[in-house]
Amino acid sequence: MSYSVALYLSLNQMHHQGIANGALRYAASKRWRIYGAYWPMYEMGEITSWRGDGIVAAVESLDELAELRKPGVPVVDISGAVAHPKLTRVSNDNKAVGRRGGEHLSALGYRHYCFAAAEGSLWSDERMRGFEEASANYRDTEVAVFAKKIAWWSRPEFKRDLAQFLSKQPRPFCIMAANDIIGMNVVGASRMAGLSIPGDVALVSVDNEELLCELSTPPMSSIPFDRHEIGFRAAERLDALMQGLIDYMPPLLIEPMPVVERASSILVSSGDATVNEALAYIRRNAASGIIAVDVARQASCSRRTLEARFKKEVGCSILTEIHRVRVARARHLLMETSLPVNRISTESGFNSVTRFNAIFAAMVGESPKRYRERKGTMKNRD
């Protein structure tokens, strides 16, 4: 049967465009007539008076949900902004999004964590909970939260109170923004506060709106979604609802995709392309037992020359940076696995457990065994 289906989405947003493409992929085999606010879809007009068979919508509030239900047809939500016991929803697994951001930043070795939130939005709350869980074993304090209503974040000017919040955080620190718009505000407010990204602040955001992320200075790391899958599954569920097979389906949560890493969350940013190449090589290969001469060879530079440029740009030697990356990996393995310390030493790239213990203690301030015991106790207490 051919249905008339409305896409109540903001197709000027990349996120909604991807979801619409996924829904259209499903609709193509069903001969649905697609209505919406944009050409070349059939004209929808006012949604409250629209007479069709079903709606795929980004529901942002309970009031909006009430309006969308006035035509008396099934609604499938793709936003996840509101909780309602009888709203069929296909959306990002927002808690998993937050965990992914926390895992990404914790792997960099940070101890101080912040979250920039959209106050009152369920998706933001879930991302923050996932972020708090993923970072629990790596941070020394509670996550510092700056929360404002989504409309506040959407205003173009940078915010002085956000700059003040950032300026009060212990440096260096990391921050996850609930979405890319919020992330852009963090970038601007950091500049206002005299903070460098990623020198003082490491930032990861959510949505991977490529234009925003690439235009940011520096470009923002961001977590993308499988938008096509969300749209396809939303249309699939709407089809079942329109056929009257069922009147409600529980939420379907789609796993986020891996972090698209850009300059806002690399271990160190440099204006020297050769040093950046060396940094990227260290990050990829530190656990494989590389030494400084391997890094210099990869960068097509003499070791002495690279050491001088590295010291100028990064503030430490090549070997110290290798150790820093290895220790960050070791911290992650100590908290997230039950591997013995000697195995973690090897997995992190150290050639002896004695050397691993000494370097870890020098950088972290305690032995690997004590670190695991202390953080494990904190986790159990939580």
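Let me start with Asn-185, which is found in helix α7. Helices here are DSSP runs of H or I, at least four residues, and strands are runs of E, at least two, numbered from the N terminus. A word on the basis: this is a predicted model, local features need pLDDT of at least 70, side-chain atom pairs count only at pLDDT 80 or more, and totals for chains, interfaces and linings use all residues. Residues are numbered from 1 along each chain as its sequence is written, and side-chain values use heavy atoms, with hydrogens and water left out.

Back to Asn-185. Buried or exposed? Asn-185 is buried, because its relative accessible area is 4%. The cut-offs: buried is under 20% relative accessible area, exposed is over 50%, and partly exposed is in between, with a 1.4 Å probe and protein chains only. Which residues does Asn-185 touch? Not counting residues up to four places away in sequence, they are Trp-153, Arg-155, Glu-157, Phe-158, Lys-159 and Leu-162. Contact means heavy atoms within 4.5 Å.

Strand β9, residues 173-177, pairs with β10 in the parallel sense, over four bridges. Two strands count as paired if DSSP finds at least two bridges between them. Met-176 stands opposite Val-204 in β10. From β9 the chain crosses through α7, residues 180-192, to β10, and this β-α-β crossover is right-handed. That term means that, with the strands pointing away from the viewer, the path from the first strand over the helix to the second runs clockwise.

Now β10 itself. Strand β10 covers residues 201-206, and six of its six residues are buried. Val-201, Leu-203 and Ser-205 point one way, while Ala-202, Val-204 and Val-206 point the other way.

On to β11, residues 221-223. Three bridges join β10 to β11, and the two run parallel. Val-206 stands opposite Ile-223 in β11. The chain gets from β10 to β11 through helix α8, residues 210-215, in another β-α-β crossover that is right-handed.

Now the cores. A nonpolar core is a set of buried Ala, Val, Leu, Ile, Met, Phe, Trp, Tyr and Cys residues joined through side-chain atoms within 4.5 Å. The largest has 99 residues, and Trp-32, Leu-162 and Leu-166 touch the most other members. Which helix gives the most to this core? Helix α9, residues 227-242, with eight residues. Apart from that core lies another, of 19 residues, among them Val-275, Cys-301, Phe-310 and Val-314. As for Leu-166, its contacts beyond four places in sequence are Phe-173, Ile-175, Val-186, Ala-189, Ser-190 and Leu-195.

Next, the seven-stranded sheet. This open sheet has the order β3-β2-β1-β4-β5-β6-β12, with parallel pairing. β3 (42-43) and β12 (252-254) stand at the edges with a single partner strand each, so one side of each has no neighbour in the sheet. Strand β6, residues 88-92, pairs with β12 over three bridges. There, Ser-91 stands opposite Leu-253. Helix α9 lies across β1 (4-8), β4 (54-57), β5 (75-77), β6 and β12, running at about 175° to β6. Axes are lines fitted to C-alpha atoms, for helices over the stretch in contact, and angles run from 0 to 180 degrees between N-to-C directions.

Last stop: Ile-344, in helix α14, residues 341-347. Ile-344 counts as buried because its relative accessibility is 0%. Leaving aside neighbours within four places in sequence, Ile-344 is in contact with Ala-330, Leu-333, Leu-334, Thr-337, Leu-339, Phe-356 and Arg-372. Ile-344 and Arg-329 are 15 residues apart in sequence and 8.9 Å apart in space, C-alpha to C-alpha.
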